[in-house]
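Here is a set of questions and answers to work through slowly, with the model open beside the text.

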Amino acid sequence: MSTPQPGLFAGKKLAEEVPSARELRPGRSSWVLLMVLVLYGVLAVLVIFNGYQEYQSLISLQHGSDAVSSTPGSLLYRLVLSHGLLLVLMLVAPAVLMYLLVGREKELRQMRIQQEALQSQLRYQSFHDPLTSLPNRMLLEEQLNSRIASARRSGKRFLFLLASLTDFKRINKNLGYEVGDDVLRTVAQNIVSGLRDADAVARFDGDVFAVIADINEKSEANIIAWKVQHALARPIDVADSPLTVSAAIGAAIFPDQGKDMTVLIKHADNAVSKARSAGTNNIVFSEEDASSGMDRLALITGIKDAMLAGHLSMVYQPKLTLTAPDTHSFEALLRWQHPEHGLLPCDMYIPLVEQTRHIIDLTHWTVENVFSTQRELIDKGVKVSIAVNLSARVLDEDGFPLWMERMIGQYGLDPASVRFEVTESAIMQDSERALQVLLQLAAIGVGLSIDDFGVGYSSLAYLSRLPVDELKVDKSFVVNMIKWEGDRAIVRATINLAHDLGLSVVAEGVEDMDQAAMLREMECDMLQGYYISHPLSEEQLQQWISSQAA
């Protein structure tokens, strides 16, 4: 475990490192020394004056005496002998005393400096995390209260964000605690370097980091949350191999979601839980501020009205098939164009809707719209396959496979042209139940894909039991495969594994020609990403198909 490095996160901590040492005031010994010197000075004057008086008396007595007169020099000599020792002691003693007192004063001064240094060190250790050198939760809460008090006076808003690493326990277990410590230190540095100097970063808990940032508008909060997510996505070099971490990010805004520290932390923590349940690398804000009218209840209940009012639509992202160019494959993606708030990101409302039975209605609406589009394309002579994403909640529905079989027959579709994508995390929530539903869907003849493969928790043994015919390699591996040998090896191994199991492979997140060329060399079956095409509306979809045919 490393020692704190002063200044490592200058400008990013919640408080200054340690207050500077106070100027030392003169001690009591200085006043005692001064008083002793004055006393000895007075006594020396008295001794000299007394000797002088005695000398004068002897001179007077000598003049009035008939005895043999003594010279003034001999009289002075006798006086010096009688009073000299006392005078010498009175002159030497202050010097010795001064030497002793000055030495003691220096010793006390050094002890005070050491004591203040020790107190400063203890204060630092009490308020900072020894591993990352970031402020700890104690200092975070102290400064959060201070920030709240300041914001109340000024009327300003600020963002409180928590980022919880979702796979850190697995890193500790598989790679060891030393590697885990290195990962935490690097994550801390990445978060700090990705934010503004005025933004505060702290280690809230074991694998949870906190950020406090002043904002004016909600859009700024989104940008800061995205910056944190981007910082966490940076590959970490571990033993010359890249390691990526994922995190669930939850955020709350003062004073919208809380006007005191306890409530604000609670809202952010709840948002983290929702982000974690929604899958990997999600950002969830606590209830939208009241002024925007976009609270949880409005989102949940509004999805039903959005279906009826025509505010929902589907877009289609192409998947380029390398092995069969005449086949057109797409992934259907949902869009909600809110009449007041514009285009809403899926991660804002899907996790909320999944907590209710509205997700079943939304899935039915999505399937019927996709099937309608697919039927129109088939009628125009286009051989097309469109994939629909399924929620974990849908896999818990007994009647879903029967309903799906009825819809396929109603639209006159070939079951082989219908495909459903399910994430690893959705399957593993109730693996046995999900397996039964997937088996029923496979029996109908539809295609089944595992989405975001490689970032979930399914084992290879369980993978062999699933009735799937396609794997989608998660984009986090594809994006870095050119730069990092480790990610390149993972992609290559996944393609080989899938082919050995008789599965086709789709690479997500293909963004440039080099990635596409490397994946083609690895014999990947399909490519999906912005290099191939952005998501297309229904009108753009038909134009894209025509351009491919040409």
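A residue is called buried under 20% relative accessible area, exposed over 50%, and partly exposed in between, with a 1.4 Å probe and protein chains only. This is a predicted model, in which local features need pLDDT of at least 70 and side-chain atom pairs count only at pLDDT 80 or more, while totals for chains, interfaces and linings use all residues. Residues are numbered from 1 along each chain as its sequence is written, and side-chain values use heavy atoms, with hydrogens and water left out.

Q: Is Y99 buried, partly exposed or exposed?
A: Y99 has its place in helix α2, residues 72-127, where helices (H or I, at least four residues) and strands (E, at least two) are DSSP runs numbered from the N terminus. The relative accessible area of Y99 is 65%. Because exposed means over 50%, Y99 counts as exposed.

Q: How many helices and strands does the secondary structure of the protein come to?
A: The protein has 550 residues, of which 46% are buried. Its secondary structure comes to 18 helices and 16 strands.

Q: Which strand is joined to β9 by eight bridges?
A: Two strands pair if DSSP finds at least two bridges between them. Strand β9 (residues 328-338) has nine of its 11 residues buried, so it is largely enclosed by the rest of the structure. Four bridges join β9 to β11 (residues 384-389) in a parallel arrangement, and three bridges join β9 to β10 (residues 342-344) in the antiparallel sense. The eight bridges, also antiparallel, join β9 to strand β8 (residues 312-321).

Q: Which residue in β11 does E331 stand opposite?
A: Strands β9 and β11 run parallel and are joined by four bridges. In this pairing, the residue of β11 that stands opposite E331 is A387.

Q: With which side chain does the side chain of E421 make a polar contact?
A: E421 is found in strand β12, residues 418-423, and at 1% relative accessibility it counts as buried. A polar contact is a pair of N or O atoms within 3.5 Å; within protein, one must be able to donate a hydrogen and the other to accept it, and residues adjacent in sequence count only if both atoms are side-chain atoms. At 3.0 Å, the partner of the E421 side chain is the side chain of K472.

Q: How many residues apart in sequence are the parts that E421 and K472 tie together?
A: E421 forms a salt bridge with K472, in which the closest N and O atoms are 3.0 Å apart; a salt bridge is a side-chain nitrogen of Lys or Arg within 4 Å of a carboxyl oxygen of Asp or Glu. E421 lies in strand β12 and K472 in strand β14 (residues 470-473), so the pair ties together parts whose separation in sequence is 51 residues.

Q: Where does E508 lie?
A: K472 also forms a salt bridge with E508, the closest N and O atoms being 3.5 Å apart. This pair ties together parts that are 36 residues apart in sequence, because K472 lies in strand β14 and E508 in the loop between β15 (504-507) and α17 (513-521).

Q: Is D256 buried, partly exposed or exposed?
A: D256 forms a salt bridge with R157, the closest N and O atoms being 3.0 Å apart. R157, at 19% relative accessibility, counts as buried. D256, at 29% relative accessibility, counts as partly exposed.
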